[in-house]
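Hello,

Here is the structure I promised to pass on. Please open it first, then read my notes below.

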Amino acid sequence: MTSENPFTQFSSFGSIWAATVGRKCCGMAMARRFEKFQSVDKGNGLRATSVLVPGELLYVVEEPFAYTVSKKSRGAVCERCLRRKDHLLRCSQCKFAKYCDARCQREAWGDHKRECKCFKSSHPRVPTDSVRLVGKIVFKLLKQSSCPSEELYSFSDLQSNMKELSEEMRGGLENLAVVLQLYLKEEIQDFSQLPPGSNILEFFAKVACNSFTISDGEMQEVGVGLYPSMSLLNHSCDPNCEIIFEGQRLLLRTIKEIQISEELTISYIDLMMPTADRQLQLKRQYCFECSCYRCRTQDKDADMLAGDEITTKEVKDSIPKMEELQAQQKWDQILALCRSFINNNISHLPDTNIYQMKMLDYAMDACINLSLWDEALLYASRNLEPYSLYYSGFHSLRAVQIMQVGKLQHLLGKFPEALETLKQAFNIMRVTHGRDHSLMQDLMELLGDTEASMKTL
Ligand SMILES: [Zn+2]
Ligand SMILES: [Zn+2]
Ligand SMILES: [Zn+2]
């Protein structure tokens, strides 16, 4: 695959779409531009072996070691390719797993065959994501086949942080191990068939700190998977790389210029959190303390929590309720709550306040679901500035947010504004997603359409 130069100026959009739509990976092995190394304080890591510019595709993992659709996306996405589809076909055996078509089902069968029997026998109980994933790991290990996702680092190499776990966490894992054995009992009665040294408890611990959330083009969670080689990447709250998914396929891309010998980093967590919250999550889930520049200087904490403290707390405390309403698709109720938070608070919060931003996001989402395009655009536009503050430079979440605004402008017939907005999204997305990504293809189609609409005005 050729690397792309994100700084190539485009003279005419039209010609770019034509040249890039339909371009596929040519299947050539990429010359690797990074290497494994042992860092002083973070253990194993990856570092650059040449100067890298933003927008380079560094590594691709076609198939995870093991993966599963997320519980909240089950029934909405294909369990094989993780693409969203209105009509999915049910597995005729377990009547549980769902696929796009016969092809996806055929491709998944090797992976699904044994769990299919477990589903049938444990019906109507449904395993949690981690139980299902560890079940798939157990089947995979019993096959004893090598997996390209282990090219740089294998499943057995993965850290589990077992020694650092709290009693409470350990107890939780022990419960999961019992549930797993019940779930698998139809297929596996004797765990001694597993490779020597295997420990179910440790599998759960490995999953907890090594699994990747697989998201779709809109950055919505669709699955969870293990990509052992990519577990070598260490965390930074100001990362120089990003992982993007296309179905279950993982792409590692640069989002900053990287010097020779500089470590490659990604963010393990949501970055729209103040330092103390980020530290807490990293400690709990990954058992380490981040000492990056942003953590040392508490960078942007003041902006994130700007405004009245009591209102901030009130808005923050409403988030679980919002999540619940969102899961139930109660858009009217969400919008009513958001409107009262956004408009009627006695002490208004600035839009840079991260909880205010979340309310604007919920409000936009609710409006889109209720086809209230004007109001959706209002909320989405208000979040553009704050997003550029927290996701400055190249970041997929910001690109998706900008594209959303552009889509709404296009929908409302505001074509000149839409064109400007979509071009901004394009400039970020060719770095974060690359030209071959399906979301980029959607964006280019939308841009082409906006240009055509302007000509006919
Ligand atoms: Zn599919
Ligand atoms: Zn089945
Ligand atoms: Zn940090």
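Predicted model: local features only at pLDDT ≥ 70, side-chain atom pairs only at ≥ 80, totals over all residues.

Residues are numbered from 1 along each chain as its sequence is written, and chains are lettered from A and ligands numbered from 1 in the order in which they are written.

Overall fold

The protein has 17 helices and 12 strands. These are DSSP runs, numbered from the N terminus: helices are H or I with at least four residues, strands are E with at least two. The radius of gyration is 23 Å, close to the 23 Å that the globule rule gives for 457 residues, so the protein is as compact as a globular protein of that length. (That radius is taken over C-alpha atoms; the rule is 2.2 Å times the number of residues to the power 0.38.) Along its principal axes, the C-alpha trace spans about 70 × 55 × 50 Å.

Domains

The domain assignment lists domain 1 (32-62 + 227-297), domain 2 (66-212) and domain 3 (307-456). Such bounds come from an automatic or database domain assignment. The C-alpha centres of domain 1 and domain 2 are 25 Å apart. Contact between them involves 15 residues of domain 1 and 20 residues of domain 2. Two residues are in contact if their C-beta atoms, placed from the backbone, lie within 7 Å. On the domain 1 side, eight of the touching residues are nonpolar, five polar and two charged. (Ala, Val, Leu, Ile, Met, Phe, Trp, Tyr, Cys and Pro count as nonpolar; Asp, Glu, Lys and Arg as charged; the others, Gly among them, as polar.)

Helix contacts

Start with H15 (residues 396-411) and H16 (residues 415-432). Their axes come within 8 Å and cross at roughly 160°. Axes are lines fitted to C-alpha atoms, for helices over the stretch in contact, and angles run from 0 to 180 degrees between N-to-C directions. That angle makes H15 roughly antiparallel to H16. (Under 35 degrees counts as roughly parallel, over 145 as roughly antiparallel, 65 to 115 as roughly perpendicular and the rest as oblique.) The crossing of H15 and H16 is left-handed. That term applies if the near helix is turned anticlockwise from the far one by less than a right angle; clockwise is right-handed. Residues making the contact include Ile 402 and Val 405 of H15, and Leu 422 and Ile 428 of H16. By class, this contact has 10 nonpolar, seven polar and two charged residues.

H16 also packs against H17 (residues 438-456), at about 155° with the axes 10 Å apart. H16 and H17 are therefore roughly antiparallel. This crossing is left-handed. Among the contact residues are Leu 419 and Phe 426 of H16, with Leu 443 and Leu 447 of H17. The contact of H16 with H17 counts 14 nonpolar, two polar and two charged residues.

H9 (residues 309-317) and H12 (residues 354-369) pack at about 45°, with axes 9 Å apart. They are therefore oblique to each other. H9 and H12 cross in a left-handed way. Thr 312, Val 315 and Lys 316 of H9 meet Tyr 355, Gln 356 and Met 359 of H12. Three of these residues are nonpolar, two polar and one charged.

Backbone points

His 123 and Pro 124 are joined by a cis peptide bond, with omega about 5°. Pro 124 sits in the loop between H2 (102-122) and H3 (129-143). Gln 144 has a positive phi, near 55°, in a residue other than glycine. Gln 144 lies in the loop between H3 and H4 (167-184).

Best wishes
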